[in-house]
Amino acid sequence: MDFSGKVVIITGASSGIGAATAKYLTELGATVVLTGRNEENLNKVGLDCEAVGKEKPFLLVADVTKTEDNSRVIDETIKKFGKLDVLVNNAGKGLPGSIENTSLEQYDDIMNTNVRGVYHLTMLAVPHLIKTKGNIVNVSSVAGTRSFPNVLAYCVSKAALDQFTRCVALELAPKQVRVNSVNPAVIVTDFHNRLGMSPADYAAYLKHSEQTHAMGRVGKASEVAAAIAFLAGDTASFVTGTCLCVDGGKNVMCPR
């Protein structure tokens, strides 16, 4: 795959899947625009990209829940590069909790990041993607395709994101703009640590997850990045409206 000459925005690029995708696409020749809230981490990812790519990444500290930040990301990207080829909506967050103990404030926080932010940034990006016949890749989750206890708001948000992916794919297909998602299962990042898991609990969780993934292991961020690159690249030119499970078979297994 060759992304030379392609301008790609990646949200939530300061860690995890976003950071891995930034480096992967940079290695393939892309010019990446990286956004995130953590400036220190974003700068580190930027340096990693510089070390492997020909094009220096464009870094923008931004929060997808802030409408002014989303407008600035699109405006500054177009001002600097004159176009946009790919939008990777990766920024997201999780939250443990059930219907009995997840507050409306927590629900709103999850939905604002995982759904509203994606909706708004996509709205702003679409006119530019139509011009380049570009595409969108949303980073969803196996939690959007399967139900799991005690992560209710997160599951709801990812199911909404999957439906968003399918609906926007239908709307933009006549204009030759493709829209897809990747739906990872358990991937080794700092995602679960942010949910409050201790190192010991996380290690036990990863061990248990070997039994809930058909391939007998959890995934790596680089494996999700490769799937994102496939969907965003020319080799997937006839793929749209797809929610691609990158999950080691978890989606087709019954054990939780």
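Is Asp109 buried, partly exposed or exposed, and what is its relative accessibility? In this predicted model, Asp109 counts as partly exposed, with a relative accessibility of 36%.

**Salt bridges in the model**

A search of the whole structure finds seven salt bridges, and three of them are described here, beginning with the one that involves Asp109. The closest N and O atoms in each pair are set out in the table.

| Asp69 | Arg72 | 3.4 Å |

Asp109 belongs to helix 4 (residues 104-132), whereas Lys93 sits in the loop between strand 4 (86-89) and helix 4, so the pair ties together parts that are 16 residues apart in sequence. Lys93, with a relative accessible area of 23%, is partly exposed.

The pair formed by Asp69 and Arg72 lies within helix 3 (residues 67-81), where the two residues are three apart and are therefore separated by about one helical turn. Asp69 is buried, since its relative accessible area is 12%, while Arg72 is partly exposed at a relative accessible area of 27%.

Glu223 has a relative accessible area of 28% and is partly exposed, and Arg217, with a relative accessible area of 35%, is partly exposed.

Note on methods: Residues numbered from 1 in each chain as written. Predicted model: local features only at pLDDT ≥ 70, side-chain atom pairs only at ≥ 80, totals over all residues. Heavy atoms only, no water. Salt bridge = Lys/Arg side-chain N within 4 Å of Asp/Glu carboxyl O. Helix = DSSP H or I, 4+ residues; strand = E, 2+ residues; numbered from the N terminus. Buried < 20%, exposed > 50% of the residue type's maximum accessible area, 1.4 Å probe, protein only.
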